[in-house]
Amino acid sequence: MGQKVHIISLGCARNLVDTEVMAGLLRQGRYEMVSEPAEAHIILINTCSFIDAAKEESIDTILEAARLKDEGRLETLVVAGCLPQRYSEELMRELPEVDLFIGTGEVPRIVEILREHRETKKQRLYIGIPRYLYDHATPRLRTTPSCSAFLKVSEGCDHKCAFCIIPQLRGPHRSRPIDSIITEATMLAAQGVKEINLIAQDLTAYGRERRDGTTLYGLLQEMVSVPGIHWIRLLYAYPNFLEEPLLRLIRENERICKYLDIPFQHINSRILRIMRRGKAASAVRESVAKLRQAIPDIVLRTSLIVGFPGEREEDFQELLDFVQEAELDRLGVFKYSVEQGTAAALMPEQVPEEEKERRWQEVMEVQAEISRRKNEALIGTVQRVMIEGRDRDTERLSGRTQAHAPDVDGAVYIDKCDSGQVQPGDLVDVKITQALDYDLIGDILEPSTALGVET
């Protein structure tokens, strides 16, 4: 068709996979992808609406892109994903400059929708009940570094957390069959991917609703045999169903990263009950102890919420004490955001914004100290690093260890290296020489002293 498309992806890695699928479908439909928005006839923005900050970023991005209707070649502005799925009617009224609004379940129809619009030229809304789930046969144009990919194993969520809108945006939990996932992983490996990051709203729920024996344990048993895959990382795992066979497999198989991302959200039993998390404070602490005992070198990442309705100062102090005591390796902290349609939005004792900010700052300061201390303990050690390329700001080579998930954790920057020595995707041995709060700096060892470069 000759039309040029620029795509902007906002939000989480699960959203990014949807973006990559739409890009693949558009390329298959003979649209041309361009990196500069000013060159595009069509701009597609895949939005996030999880919290207020994400909604604001989405709206700002839409308004900025809309200016190109006057200043550039832009003919069609498309807003997809969570924001229109949630606020469809309001967006239609407030954003007349947007031509098409597409919900989370309409991803596979992107080419058809654009072709319909070319005929009608009318503002349209395409929102339905989310049932879509991509598979190995779906076209996909990856945007991550060549050596790493996200692989979505399931979609949707069946949890009823009081603060979360995800089940309404993404629908009920539904899992892909194991053979589809293994086929996709094999295809990715053939493209040079060496790290597979398994993602879902709830990874440990994978397969349960299929009632055919499909489990995360069974999936991993097959995935570790895919040739060419060196690292398999588990992201967004709930503490439920982390059973001994699964933990043993993680501990004993060198291809599975000793890394788990588990969203605890809080430590106070009363707040957890109000959140509808189904875990008492003792159960959270037991989960941390159990994981560290089962996998001694495990890296634990979690997310916490401060300022949840009813969180009193003593509840927050209990949370802060937990952060100090548990010394988790990675931590994301969110200020509670009132979300229409959730149970928490109607709860009394809403915490003032300035108080949320104070609590957030306190937790982040404590965690920065913990992270720096853990990083400083690595000075002088040799770490296996997967090279991703050159950092845009510093022009230094950068990469990650198994302890660093893409996008959300720090990186390892290489000080001394012959530029022709390694390529993106190489696994090299790096001696750590400096430590920052979240990043590491080091030198690639000479071949005579390194454990070896894997390609």
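Trainee: What makes α1 largely enclosed by the rest of the structure?

Mentor: Of the 16 residues of α1, 14 are buried, so the helix is largely enclosed. Buried means under 20% relative accessible area, exposed over 50%, and partly exposed in between (1.4 Å probe, protein chains only). Please note that this is a predicted model, in which local features need pLDDT of at least 70 and side-chain atom pairs pLDDT 80 or more, while totals for chains, interfaces and linings use all residues. Residues are numbered from 1 along each chain as its sequence is written, and side-chain values use heavy atoms, leaving out hydrogens and water.

Trainee: What span does helix α1 reach, and what is expected?

Mentor: Helix α1 covers residues 13-28 and reaches 22 Å from its first C-alpha to its last, close to the expected 22 Å. The expected span is 1.5 Å times one less than the number of residues. Helices (H or I, at least four residues) and strands (E, at least two) are DSSP runs, numbered from the N terminus.

Trainee: Why is the pair of Arg301 and Asp409 called a salt bridge?

Mentor: The term requires a side-chain nitrogen of Lys or Arg within 4 Å of a carboxyl oxygen of Asp or Glu. The closest N and O atoms of Arg301 and Asp409 are 2.8 Å apart, so the pair meets the definition. Arg301 lies in strand β13 and Asp409 in the loop between β16 and β17, so the pair ties together parts 108 residues apart in sequence. Both residues are buried.

Trainee: How do you know whether Glu252 is buried or exposed?

Mentor: The relative accessibility of Glu252 is 59%, which is over 50%, so Glu252 counts as exposed. The side chain of Glu252 meets that of Arg251 in a salt bridge (3.6 Å, N to O). Arg251 has a relative accessible area of 32%, between the two limits, and therefore counts as partly exposed.

Trainee: Why are helices α11 and α12 called roughly parallel?

Mentor: Angles under 35 degrees count as roughly parallel, over 145 as roughly antiparallel, 65 to 115 as roughly perpendicular and the rest as oblique. Axes are lines fitted to C-alpha atoms, for helices over the stretch in contact, and angles run from 0 to 180 degrees between N-to-C directions. Helix α11 (residues 281-294) and helix α12 (residues 313-326) pack at about 10 degrees, with their axes 12 Å apart. That angle makes α11 roughly parallel to α12.
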